[in-house]
Amino acid sequence: MCPFPLPPAPTRAGDKATARIGCKTAAVARVLVLGAAGLVGGVLWEGLAAHHSLVGLDLEGDRDRGIQRGDVRRPRSLRRALDGVDAVVDLATGSAVGLRWPEVQRDMAGRVDVLEAMEAHGVGRYVFASSNHVTGMYELDPPYAEIVAGRYEGLDPASIPLIGRGWPIRPDSAYGVGKAFAEAAARHYSDRGLSCICVRIGTVRADDRPAEPRHYATLLSHRDLVQLVRCALDAPPDLRFGVYYGVSANTWRFWDLADAREELGYEPCDDAEGFRADRAR
């Protein structure tokens with residue numbers, strides 16, 4: 001059931017059942033949010049502040065919210081920000097799917113810089129904002145191509161094969177390749193002692209509602225985003241590595257949430273389908 005005061009989110013054939021409700025533990029006190037001034041960073045800053053002590057770092061600082069100005073690729077900025085921190089939420093990559101290779105390569109180097117600095121400072125948990133674009137090319141294939149176009153005739157949402165973390169990666173862009181690299185780097189550092197959790201984030205919008213047919217499958221509501229990252233931060237320390245899709249309980253979603261439910265205790269509350277009637281009016 002949903003850990004928030006809402007009706008239970010709909011289930012989906014093929015998802016594993018779990019009796020766990022909400023996040024697994026509450027062991028992380030102080031969290032550094034990299035890229036805290038962006039859209040996702042702003043949502044998480046508001047949502048996590050009641051549960052964790054937050055430190056922020058961003059190219060665009062915000063003194064009112066306690067977000068320092070700095071670049072993760074500059075060791076001094078990173079070292080200062082990591083002092084006294086228990087975990088890092090890393091959002092500090094370019095957010096545009098159309099990023100060109102030089103920008104992606106800089107972001108790739110930045111992820112290694114963050115992981116190296118965490119290892120040196122003894123910070124135990126890394127939560128990386130990966131992307132659904134790591135497997136985005138599946139959306140060219142049926143039935144996903146029809147779903148993202150809003151053509152549902154003849155489709156049963158309960159019978160859709162759900163794309164899971166075990167499926168081969170199929171990045172749809174240089175941006176997707178960069179995110180896949182970061183997941184691989186996190187895997188490597190997890191074998192060296194860090195606990196690394198990668199969340200393949202779906203569609204997060206400022207207005208928190210779908211704006212095109214694809215979003216009815218891919219929307220990750222602000223509330224569900226916060227819940228998922230809280231669960232990642234508070235997961236058991238013996239969870240060394242994991243990749244999870246970040247999406248709400250959308251009727252037409254095609255990403256598998258079974259692992260996130262079973263291993264993190266994530267139970268999404270929202271379904272983008274609830275907005276369809278509003279758009280029809």
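**Helix packing and buried loop residues**

Author: Helix 2 passes helix 3 in a right-handed crossing (right-handed if the near helix is turned clockwise from the far one by less than a right angle, left-handed if anticlockwise). This is a predicted model, in which local features need pLDDT of at least 70 and side-chain atom pairs count only at pLDDT 80 or more, while totals for chains, interfaces and linings use all residues. Residues are numbered from 1 along each chain as its sequence is written, and side-chain values use heavy atoms, with hydrogens and water left out.

Reader: At what angle do helix 2 and helix 3 pack, and how far apart are their axes?

Author: Two packed helices are described by the angle between their axes and the distance between the axes. Here helix 2 (residues 75-82) and helix 3 (residues 101-121) pack at about 45°, and their axes are 10 Å apart. Helix 2 is therefore oblique to helix 3. Axes are lines fitted to C-alpha atoms over the stretch in contact, with angles from 0 to 180 degrees between N-to-C directions; under 35 degrees counts as roughly parallel, over 145 as roughly antiparallel, 65 to 115 as roughly perpendicular and the rest as oblique.

Reader: Which residues of helix 2 and helix 3 meet?

Author: From helix 2 come Leu-78, Arg-79 and Leu-82, and from helix 3 Asp-113, Val-114, Ala-117, Met-118 and His-121; contact means heavy atoms within 4.5 Å. By class, the residues of this contact are five nonpolar, one polar and two charged (Ala, Val, Leu, Ile, Met, Phe, Trp, Tyr, Cys and Pro are nonpolar, Asp, Glu, Lys and Arg charged, the others, Gly among them, polar).

Reader: How do the axes of helix 1 and helix 7 cross?

Author: The axes of helix 1 and helix 7 come within 9 Å and cross at roughly 70°. So helix 1 is roughly perpendicular to helix 7. Their crossing is right-handed. Val-40, Val-43, Leu-44, Gly-47 and Leu-48 of helix 1 meet His-222, Leu-225, Val-226, Val-229, Arg-230 and Leu-233 of helix 7. That contact has eight nonpolar, two polar and one charged residues.

Reader: How many residues of helix 1 are buried, and what covers them?

Author: Seven of the ten residues of helix 1 are buried (under 20% relative accessible area; exposed is over 50%, partly exposed in between, with a 1.4 Å probe and protein chains only). They are Val-40, Gly-41, Gly-42, Val-43, Leu-44, Trp-45 and Leu-48. The cover includes strand 1 (30-34), strand 2, strand 3 (67-69), strand 4 (87-90) and helix 7 (222-233). Over the chain of 281 residues, 54% count as buried.

Reader: Where is His-52, and which side-chain polar contact does His-52 have?

Author: His-52 is in the loop between helix 1 (39-48) and strand 2 (53-58). Helices (H or I, at least four residues) and strands (E, at least two) are DSSP runs numbered from the N terminus. A polar atom of the His-52 side chain lies 2.8 Å from the backbone oxygen of Val-28; a polar contact is a pair of N or O atoms within 3.5 Å, and within protein one must be able to donate a hydrogen and the other to accept it, residues adjacent in sequence counting only if both atoms are side-chain atoms. His-52 is buried, at a relative accessible area of 7%.

Reader: Is Leu-219 buried or exposed?

Author: Leu-219 is buried, at 2% relative accessibility. Leu-219 sits in the loop between helix 6 (215-218) and helix 7.
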